[in-house]
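Subject: Structure handover

Hello,

Here is the structure I promised to pass on. Please open it alongside this note, which goes through what turned up.

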Amino acid sequence: MTTALIERAEQRDYQKLFIQDLNWSRPDQPPVTVEYDGRKVSATNVSSHKGLRVWVVNEKPDSKLEATLDQHLAKSSTDRILIFHDEHEQVWRWPVRRAVGSTTTTRLSRHRHRNGDTDPRFAEKLDVIRLPYDVILDSNAVLAKVRQAFDVEAANETKHASKLMARLYAAMEKAYPQSTTREERDHEISVTLARILFLMFGDDTDMWAPDLFSTLIRDHTAADGSDIGAQLSDLFTFLDTPEDQRDTRQAGFDGFRYVNGRIFSEPLSLPVLNAEFRTAVLEACDRDWASISPAIFGSMFQSVRDAETRRQLGEHYTSEENILKTLNPLFLDELRTEFAHVRTLGKYEADRLRKLRDKLGRIRYMDPACGCGNFIIVAYRELRDLELAIMERLQEITGDNPMLLANVGLKVTLDHFYGIEIDEWPARIAETAMFLVDRQCDLKLEASLGHAPDRLPIQEQATIVVDNALRLDWTGCAAPTNTSSLLATHRSSATSPAMRSKPKTSVMPGAVRTSVVLTTSQPGTPRPCSTSRTRRGAGHSFRQTP
């Protein structure tokens with residue numbers, strides 16, 4: 001039966017799929033048409049059930065049009081499945097909501113199905129949303145089934161993505177000759193996998209045409225993987241070359257934009273790889289990277305290292321849940337409370353909202369043992385979410401131009417975030433992951449206000465330094481100013497989840513935990529405002545004074 005469901009979906013007869021095969025009800029809304037870029041685009045309601053509606057658009061638009069359509073549909077359909085399709089592919093989208101304090105953020109999750117592909121995840125989703133013949137479910141039960149199918153669970157995505165990353169790492173290790181030093185091999189693998197993460201994410205977040213990277217691998221590399229190393233090396237060089245300086249065009253490269261930044265700047269000449277690596281890349285490309293939090297990259301990183309190496313380097317993935325147990329009481333709760341208070345100020349609200357935005361822009365955040373950057377990733381995302389909530393409120397009460405709000409003067413920017421990491425592989429991932437979470441935040445901005453800044457070529461980036469934080473002068477990478485506040489956090493790799501519940505001193509052997517807020521009394525001179533830190537068996541202070 002599941003195969004029959006996919007066949008019906010590939011026939012693009014969605015009304016029969018939902019009404020006859022999935023046992024949903026008939027549509028109850030007229031088509032919705034929007035004006036976009038000088039033309040009309042329509043969404044058709046093909047089915048509904050207990051207020052939850054299915055809408056179909058007979059094209060695959062860019063993210064701006066998707067956001068515009070979704071905003072219109074949200075007026076009559078709080079909960080909705082939105083299907084975009086062309087002759088070759090269909091994309092199913094569903095709004096996933098996330099409550100943060102008194103605000104709620106929404107993003108469109110996505111499942112892309114290429115017609116003719118084996119796609120067990122798509123089959124599972126269709127099977128989950130099939131309603132029983134003999135039982136009438138209430139609206140909450142139907143909504144729960146759709147959420148089960150389309151809400152992306154971070155734990156499940158982490159598990160699958162981590163396995164794929166481990167396969168890529170292992171396949172690359174096998175390809176290097178014995179004469180290659182371990183240091184050189186690990187360095188090239190670190191750089192390569194960080195770049196592949198960026199490319200897969202770019203496929204799913206409209207950095208370029210959808211699936212451009214996966215199509216390159218599928219259609220322009222040999223099935224045995226013998227030429228994929230050379231193809232990737234050439235692509236990396238291509239991505240680091242300004243478009244007006246590109247003098248050669250290889251098959252499959254058209255459409256890739258100039259990236260800039262440090263991601264592709266180092267020349268690499270990869271070894272001859274294999275079919276195992278190529279297959280793992282294609283399977284990884286099939287994940288929806290737009291919906292995967294970059295904070296899970298710590299789990300991926302941990303999965304490719306043996307236990308002894310992780311123990312020696314103190315590597316341990318910290319979940320988002322436990323990260324927020326540190327960040328919320330450290331500064332996020334206070335900012336959210338201030339936002340809630342400002343909304344009660346009547347005629348003074350707009351002015352105070354703008355001042356609160358400026359305050360967010362004065363925060364500098366650093367993790368001196370950042371690993372894959374989970375803490376700075378989550379801190380950046382939460383501050384961007386709060387700034388977006390402020391922008392939405394300003395647009396609501398003042399009518400400020402959403403294009404100006406979205407494109408001019410974002411206060412929370414990548415160059416306000418810093419990390420120090422002793423090991424290169426996680427540092428590379430952290431640097432890349434910060435670009436990716438920035439893009440995710442821009443997609444939310446675009447979905448809400450209809451506009452977002454174009455980040456390519458990259459002009460701003462987080463500062464991730466590969467060094468020993470106990471020996472490095474922190475002011476060299478995150479110099480405070482007389483107008484900014486520096487927040488620095490570090491968590492212990494040895495503490496239990498319970499001990500991560502709030503910033504506090506740990507007494508476990510070898511454990512390190514710091515939560516430091518630095519303000520400035522004079523230009524260039526940090527002054528501790530609040531701190532909780534310990535390093536058992538060592539008297540080194542994490543606070544740095546010039």
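Start at A369, which sits in the loop between strand 7 (363-367) and helix 15. Helices (H or I, at least four residues) and strands (E, at least two) are DSSP runs, numbered from the N terminus. A369 counts as partly exposed, at 25% relative accessibility. Here buried means under 20% relative accessible area, exposed means over 50%, and partly exposed is in between (1.4 Å probe, protein chains only). A369 and A469 are 100 residues apart along the chain, yet their C-alpha atoms are separated by 6.8 Å.

Some ground rules. This is a predicted model, in which local features need pLDDT of at least 70, side-chain atom pairs count only at pLDDT 80 or more, and totals for chains, interfaces and linings use all residues. Residues are numbered from 1 along each chain as its sequence is written, and side-chain values use heavy atoms, with hydrogens and water left out.

Overall picture

The protein has 17 helices and twelve strands. Of its 546 residues, 54% count as buried. Take the contacts (heavy atoms within 4.5 Å) between residues at least 6 apart in sequence: 68% of them join residues at least 24 apart.

Cores

A nonpolar core is a set of buried Ala, Val, Leu, Ile, Met, Phe, Trp, Tyr and Cys residues joined through side-chain atoms within 4.5 Å. The largest one has 93 residues, and F213, F256 and F277 touch the most other members. Helix 15 (residues 374-398) gives this core its largest share, eleven residues. A second, separate core has 28 residues, including I6, Y14, V56 and A123.

What does F213 touch, not counting residues up to four places away in sequence? The partners are I196, L199, M200, D203, L232, L235, F256, V281 and C285.

Helix 13 (residues 320-342) packs against helix 14 (residues 349-361) at an angle of about 165°, with the axes 9 Å apart. Axes are lines fitted to C-alpha atoms, for helices over the stretch in contact, and angles run from 0 to 180 degrees between N-to-C directions. That makes the two helices roughly antiparallel (over 145 degrees; under 35 is roughly parallel, 65 to 115 roughly perpendicular, the rest oblique). On the helix 13 side, L335, E338, F339, H341 and V342 meet E349, R352, L353, L356, K359 and L360 of helix 14. By class, this contact has six nonpolar, one polar and four charged residues. Ala, Val, Leu, Ile, Met, Phe, Trp, Tyr, Cys and Pro count as nonpolar, Asp, Glu, Lys and Arg as charged, and the others, Gly among them, as polar.

Now the next pair. The axes of helix 14 and helix 15 come within 10 Å and cross at roughly 160°. So helix 14 is roughly antiparallel to helix 15. In helix 14, E349, A350, L353, R354, L356, R357 and L360 take part, meeting residues of helix 15 that include L383, L386 and R393. This contact divides into ten nonpolar, one polar and five charged residues.

Two single residues

P95 is in strand 5 (residues 89-100). At 3% relative accessibility, P95 counts as buried. Its C-alpha atom is separated by 7.9 Å from that of I81, 14 residues apart along the chain.

Best wishes
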